[in-house]
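This report describes one protein model in terms of its helices, its core and a few individual residues. Please view the sequence and the structure together.

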Amino acid sequence: MGTPAWASPRLCRLLLPGGIVLFLLLLYLSSSHLPELPHSACVWGGRPCPWLGGPGPEEEERGQGPPSSPPAQTPALHPLQAAAPLCQQGQRFRIQCLHSAFAASVTPSGEVLLGEYLSGWKELARFIDSLGTAFGLISRETWSKIAIMQDYHSGRHGAHYRTLQSMVAFELASSLVAFHSLPAGHPPSGCRTLLRLHRALRWLELFLHKLGTGQGGHPSQLCASAYQEALAPYHSWWVRQAAALAFLAMPSRRELQGFLCEGEGEEQQACAVLLATVRAIGHVYNSTQEVYSAHEMLWLP
């Protein structure tokens, strides 16, 4: 990222307040081009999962994980299925709910179900909410994109927004997709809005994969690395620099354990849940990528 700030914790703490202010300002000024960022990982039962590093406090919630994009189908797990009833109208992030939503997002025939996809994103947004006020604007932008898609999904033309494939076909046939510029005064299309969520999902997948596989370094480094690969190519230089400063607010591994720990289940079961969630997110990402690529819509403005 070109910012060695995390090499000195004391310097990070001194620069953090100003960096967050700059980040929020630049994000606001360029929000039309900035996809939302989600984050997650996994811990379980009074003790954190080993991949997040040494012993830590047991806390109230969390777990997640993604691999770098395995196209294989996602196997169902009994612990996750048993937790499904807890996911309705929940206010706390639950990794079981995240897995259940994304695992159900792709049909055997390869269609991406937007209702389930948005349910998964609502879980990711709840996790972002738990990261604190420094991520407040990111959270609001995430919820905003979800709300736009939810309106399309349940609106007058909702039948055309049941799946990603039907949405793309409808919006292309209706000339709702702007390939070169976003028309002034026109609401963003479903294809454009979901593309922003899709890019951010890749960031989440990479970030959680780095956490889940025990890659060394502070989470801020891992998040910055994932950002460089997944989102930086779509952002201006100013946004990239602002994002680099914002990563200084990323919680430590110990703090992430507190955010992510659900506080129930066995450690081995937690590992299985993380790996299943990772596969589910990767499968959804790959299926969505194929649709956008087939219609040459990966660079919608």
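Which residues have the most contacts inside the largest nonpolar core? The sections below begin with the basis of the values and then answer this.

## Basis of the values

The model is predicted; local features need pLDDT of at least 70, side-chain atom pairs count only at pLDDT 80 or more, and totals for chains, interfaces and linings use all residues. Residues are numbered from 1 along each chain as its sequence is written, and side-chain values use heavy atoms, with hydrogens and water left out.

## The largest nonpolar core

Phe102, Tyr117 and Leu201 have the most contacts inside the largest nonpolar core, which has 60 residues. A nonpolar core is a set of buried Ala, Val, Leu, Ile, Met, Phe, Trp, Tyr and Cys residues joined through side-chain atoms within 4.5 Å. Buried means under 20% relative accessible area, exposed over 50%, and partly exposed in between (1.4 Å probe, protein chains only). At least two residues of this core come from each of helix H3 (95–103), helix H4 (114–129), helix H5 (136–154), helix H6 (164–173), H7, helix H8 (219–230), helix H9 (237–246) and helix H11 (267–294). The most is given by H7, with 12 residues. In soluble globular proteins, nonpolar side chains tend to be buried together.

Contact means heavy atoms within 4.5 Å. When neighbours within four places in sequence are left aside, Leu201 is in contact with Phe102, Tyr117, Trp121, Leu124, Ile281, Val284 and Tyr285.

## Overall fold

The protein chain has 11 helices and zero strands. Helices (H or I, at least four residues) and strands (E, at least two) are DSSP runs, numbered from the N terminus. Of the 301 residues in the protein chain, 50% are buried. Among contacts with a separation of 6 or more, 78% are between residues 24 or more positions apart.

## Helix H7

Helix H7 covers residues 190–212, and its end C-alpha atoms are 32 Å apart. This agrees with the 33 Å that its 23 residues should span at 1.5 Å a residue; the expected span is 1.5 Å times one less than the number of residues. Because 21 of the 23 residues of H7 are buried, the helix is largely enclosed by the rest of the structure. Just after H7, Gly214 has a positive phi of about 75°.

## Ser139 and the cysteines

Ser139 lies in helix H5 and is buried, with a relative accessible area of 7%. Its side chain makes a polar contact of 2.2 Å with that of Asp129. A polar contact is a pair of N or O atoms within 3.5 Å; within protein, one must be able to donate a hydrogen and the other to accept it, and residues adjacent in sequence count only if both atoms are side-chain atoms. Not counting residues up to four places away in sequence, Ser139 touches Ala125, Ile128 and Asp129.

Cys191 is buried at 0% relative accessible area, and Cys223 is buried at 0%. The structure holds zero disulfides (pairs of cysteine sulfur atoms within 2.5 Å).

## Positive phi outside glycine

Ser175, in the loop between H6 and H7, is not a glycine but has a positive phi of about 55°. Ser175 is exposed, with 65% relative accessibility.

Glu296, in the segment after H11, has a positive phi near 55°. Glu296 is exposed at 70% relative accessibility.
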